[in-house]
Amino acid sequence: MPVIVNPEACNDERGALLAYLDAQRGGIRRSVHGLTEAQARSTPSASALSLAGLLKHVVTGERGWLRVLQGKAPGNAKDQMAEWEHTFEPTEDETVEAMLALYDEVARETDEAVRALPSLDTTFEALRLPWDEGGTRTWRWAVLHLIEEIARHAGHADIIRETIDGKGAFDLVFETGAMPEPDWSILEG
């Protein structure tokens, strides 16, 4: 989603990565702004994805990386796959409001955990999964992967949201106050 990341948040690598991660989280959050629960759960495009499902997926995904960072991840690929299998399908109790609150908590915990790392070069062992060979990874890689994953789904969310009510990414950025609407008159002179 189109927001300007505050350059002052980018004074060091860790701050820059977390600022860009949060910008992508904002795209997901804004995608459900002002929608009813039914609209957020609808699948109006050719895809089977809903905004509520995307929200659940990114929350579950980031929480999974947080568990790895905290040393609490599932110990085997089968358990991880079982958790991942239904991440695009929110249950009745997993309302948009509840998922947004959980996302705020997970984001805060992720940011704190990444800031507490002795170095982004700190490594961990990623599980071998059907789509990834696994192996040694750095936390720099993991944060960049989170940015990539959330950005991809923020793009999906843009399309779904625009299909629901015609609101594009810029409309939601300005409507939510994530960024003031630019002074377009500077282009006239």
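Visitor: What amount of space lies in the second largest pocket?
Guide: Keep in mind that this is a predicted model, where local features need pLDDT of at least 70, side-chain atom pairs count only at pLDDT 80 or more, and totals for chains, interfaces and linings use all residues. Residues are numbered from 1 along each chain as its sequence is written, and side-chain values use heavy atoms, with hydrogens and water left out. A pocket is an open set of points on a 1 Å grid over the protein atoms alone, where a 1.4 Å probe fits and protein lies on both sides within 12 Å along at least five of seven lines; points are joined across faces, edges and corners, and the volume is the space filled by probe spheres set on them. For the second largest pocket that gives about 150 Å³.

Visitor: Which element gives the most to the lining of the largest pocket?
Guide: The largest pocket has a volume of about 700 Å³ and is lined by 28 residues, with W65 and H145 among those nearest its centre. Elements are DSSP runs numbered from the N terminus: helices (H or I, at least four residues) and strands (E, at least two). At least two lining residues each come from α3 (51-69), α4 (77-84), β1 (123-126) and α6 (139-165). With nine residues, the top contributor is α3.

Visitor: Which elements give two or more residues to the lining of the largest cavity?
Guide: A cavity is a set of points where the probe fits but cannot get out, and the largest one has a volume of about 40 Å³. Its lining includes W65, T110 and W139, and divides into eight nonpolar, one polar and no charged. The elements you want are α3, α5 (96-116) and α6.

Visitor: Why do W65 and F124 count as edge-to-face?
Guide: Rings of Phe, Tyr and Trp (its six-membered ring) pair if their centres lie within 6.5 Å; planes under 30 degrees apart are stacked, over 60 edge-to-face, and the rest tilted. The structure holds five such aromatic pairs. The W65 and F124 centres sit 5.8 Å apart, and the pair is edge-to-face because the planes are at 75 degrees.

Visitor: How many residues apart in sequence are the parts that this pair ties together?
Guide: W65 is in helix α3 and F124 in strand β1, so the pair bridges two elements. Both are buried (under 20% relative accessible area; exposed is over 50%, partly exposed in between, 1.4 Å probe, protein chains only), W65 at 18% and F124 at 9%.

Visitor: What kind of pair do F170 and F174 form?
Guide: These two lie in helix α7 (residues 169-176), four residues apart, about one turn. F170 is partly exposed at 45%, whereas F174 is buried. Their centres are 5.9 Å apart with planes at 25 degrees, so the pair is stacked.

Terms used. 1 Å grid on protein atoms, 1.4 Å probe; cavity = no way out; pocket = protein on both sides within 12 Å on 5 of 7 lines; lining within 4 Å. Nonpolar A, V, L, I, M, F, W, Y, C, P; charged D, E, K, R; others polar.
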